[in-house]
Amino acid sequence: MRRGAGTRSGRPFASGSLNRTTELFVPDDQAATASKEKSRRNLKPLGSLVPYLTHYKAMVAGACFFLALAAITTLSLPLAVRRVIDHGFIESDTGLINAYFGMLMVLAAVLALASAGRYYFVITLGERVVADLRKAVFSHLTRLSPTFYDTAESGEIVSRLAADTTQVKSAVGATASVFLRNAILFLGALAMMVATSPALSLIVIAAIPFIVLPLVAFGRGVRRKSRHAQDTLATANAYASEAIGAMRTVQAFTSERAVTGRFGGAVDEAFGAARASIKARALLTAIAIFLIFASVVAVLWIGAARVTAGTLSPGTLSQFLLYAVFAAGALGQLSEVWGELSLAAGAAERLTELLAEEPVIVAPPRPAALPAPATGRVTFEAVSFSYPSRPDMPTLNGLSFDVEPGETVAIVGPSGAGKSTVFALLERFYDPSGGRILVDGVDLRTTDPLELRSRIALVPQDTTIFAASARDNIAFGDPSASSEAIAAAARQALAEGFVKALPEGYETLLGERGVTLSGGQRQRIAIARALLRDAPILLLDEATSALDAESEVLVQKALDELMVGRTTLVIAHRLSTVLKADRILVLDQGRLVEEGNHQSLISKGGIYARLAKLQFEAGRLEDAAE
Ligand SMILES: Nc1ncnc2c1ncn2[C@@H]1O[C@H](COP(=O)(O)OP(=O)(O)OP(=O)(O)O)[C@@H](O)[C@H]1O
């Protein structure tokens with residue numbers, strides 16, 4: 001079960017699209033095909049966000065209303081301006097001028113209100129949707145099978161959860177609103193231009209393809225570069241989170257310089273990619289601004305000639321020009337947010353991919369019920385298994401054994417024999433490739449994994465202490481447990497003494513940013529957790545790290561309490577455990593090679609005898625010392 005660093009290096013996910021690190025190492029021609037395919041993609045992935053939006057119809061309606069109001073108000077401004085120029089100034093009627101300016105003031109107030117409303121609804125909507133999306137992605141991640149995590153890089157997934165959702169937030173919020181506002185403005189201004197002066201509009205409309213086409217073509221390259229920059233950043237982040245999680249190991253091996261250098265290299269690469277993307281974006285902006293303003297100037301030029309010739313009123317030219325500026329400005333903004341939107345589309349796509357990742361282990365459509373009350377019988381029938389990440393290496397080979405209800409069975413064997421794998425299969429983290437595993441006579445494939453796991457309590461070798469209170473840590477497997485039940489479990493696990501002695505007792509924050517527990521204390525928390533779960537089957541992965549004699553006695557006593565009346569499978573590392581077990585199963589290379597009790601196996605003189613001599617020698621010395 002324990003994975004070496006090698007197993008997490010850069011294997012693509014099942015869908016082959018999430019692990020961007022691998023992309024950096026694919027041959028150039030493949031990478032080119034892949035990015036071509038990507039650049040063809042458009043804003044479609046943003047469509048996957050629609051279901052999230054439909055939950056908040058009122059907010060969407062509010063956002064649309066204010067969006068339209070702001071656009072209409074903006075579009076009516078030039079009409080007022082034209083009247084002021086063509087009538088107000090000429091007729092020098094102060095009453096009329098006042099009325100026009102009064103109207104402009106009202107328009108300004110409406111515009112201000114509409115903009116504030118738009119901002120409020122749109123940004124809140126963005127926050128709301130991304131909060132839901134984060135929850136959905138995280139909840140989905142908790143349901144994915146270990147097979148997924150065998151090949152995924154946890155740092156990268158966390159970065160997806162943080163960075164991609166933030167990108168989506170800006171898209172749903174600000175960017176989408178800017179996009180829609182400018183799209184409405186552009187179309188509205190265009191229509192008003194035609195209404196104002198069809199002749200001038202014709203010139204402008206003829207010029208549009210010459211403006212838009214180069215921008216679109218160039219925009220594609222920019223998007224590709226941005227995506228590359230994001231991917232390189234994700235790689236750097238993944239590396240950082242791995243190193244930060246293992247800082248003790250880094251320092252113990254005095255590898256600070258090496259990891260800093262590697263992270264620095266990754267950051268520099270991300271910076272290089274970001275700079276390339278910024279350069280392209282800067283150039284795009286320059287091209288856009290020049291093309292747009294050059295055409296506005298050209299229109300002004302032609303229009304001015306017409307005013308001089310007397311075929312156009314100055315007010316109409318101003319009105320037309322204002323619409324042209326609006327349209328041009330809107331188009332400029334559109335080209336800018338298009339890039340951002342497509343980035344967000346990329347982010348939405350990756351999140352959708354993550355959400356589309358199916359758990360390998362699922363309940364059948366009609367799961368068979370496990371018998372009640374549970375007895376705790378465990379049966380392995382000719383079980384063969386290879387890890388999906390190493391399909392050509394058989395880990396278990398036709399393994400058969402039966403554990404009676406209430407029996408304590410020790411599993412021993414050399415490192416890599418498959419002991420932890422037996423536990424993983426029993427929890428149905430994976431399905432065997434051959435044979436069957438039964439709990440209380442029911443084949444695990446036919447039942448609901450959640451129901452199965454609720455019948456199993458696991459005390460792992462390394463207890464994970466979460467950054468939460470001591471109470472929550474004990475109640476991890478049963479968050480609804482009463483304070484009395486939690487205290488009783490702690491008492492039985494001999495954890496009550498040290499928990500009460502913590503600065504704030506059961507409420508003391510443990511783990512990261514909290515109190516650090518000793519090895520023996522962690523194990524007793526794990527035992528209390530398992531006691532509270534009160535499951536008929538107990539899987540115990542005995543810690544290999546030696547505890548001091550006193551802790552050892554406490555842990556042992558707590559375990560004895562835990563094992564009473566339960567079927568127990570224990571991966572044994574101590575002599576005292578094998579001596580107490582009803583039966584010992586000896587595994588080697590995924591096969592059951594010997595079976596019996598300590599005495600019978602020792603007298604056989606086989607693998608167990610050899611292992612016992614090596615492995616339990618220390619235990620015997622300890623026992624002698626006591
Ligand atoms: N998640 C995994 N993906 C791929 N291979 C794995 C995985 N977990 C374990 N293995 C491999 O399966 C084999 C059996 O591993 P397992 O952890 O079951 O052995 P073990 O008997 O518990 O060893 P140890 O006593 O050292 O913990 C080993 O060769 C190991 O490298």
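**Note on a helix pair and a strand trio**

1. Helix 8 (residues 198-245) packs against helix 11 (residues 314-356) at an angle of about 25°, with the axes 10 Å apart. Helix 8 is therefore roughly parallel to helix 11 (angles under 35 degrees count as such). Axes are lines fitted to C-alpha atoms over the stretch in contact, and angles run from 0 to 180 degrees between N-to-C directions. The crossing is right-handed (the near helix is turned clockwise from the far one by less than a right angle).

2. This is a predicted model: local features need pLDDT of at least 70, side-chain atom pairs count only at pLDDT 80 or more, and totals for chains, interfaces and linings use all residues. Residues are numbered from 1 along each chain as its sequence is written, and side-chain values use heavy atoms, without hydrogens and water.

3. Contact means heavy atoms within 4.5 Å. From helix 8, residues including Leu200, Val204, Ile211 and Arg227 take part; the helix 11 side includes Phe320, Trp338 and Glu349. The contact residues divide into 10 nonpolar, six polar and five charged. Gly counts as polar here.

4. Strand 7 (residues 537-541) has five of its five residues buried (under 20% relative accessible area, 1.4 Å probe, protein chains only). Both faces are covered: Ile537, Leu539 and Asp541 lie on one side, Leu538 and Leu540 on the other. Note the Asp among the buried residues.

5. Strand 7 runs parallel to strand 6 (residues 456-459), joined by four bridges. Pairing requires at least two DSSP bridges. Ile456 stands opposite Ile537. Five bridges join strand 7 to strand 8 (residues 567-571), also parallel. There, Leu540 stands opposite Val570.

How values were computed: Buried means under 20% relative accessible area, exposed over 50%, partly exposed in between (1.4 Å probe, protein chains only). Helices (H or I, at least four residues) and strands (E, at least two) are DSSP runs, numbered from the N terminus. Angles under 35 degrees count as roughly parallel, over 145 as roughly antiparallel, 65 to 115 as roughly perpendicular and the rest as oblique.
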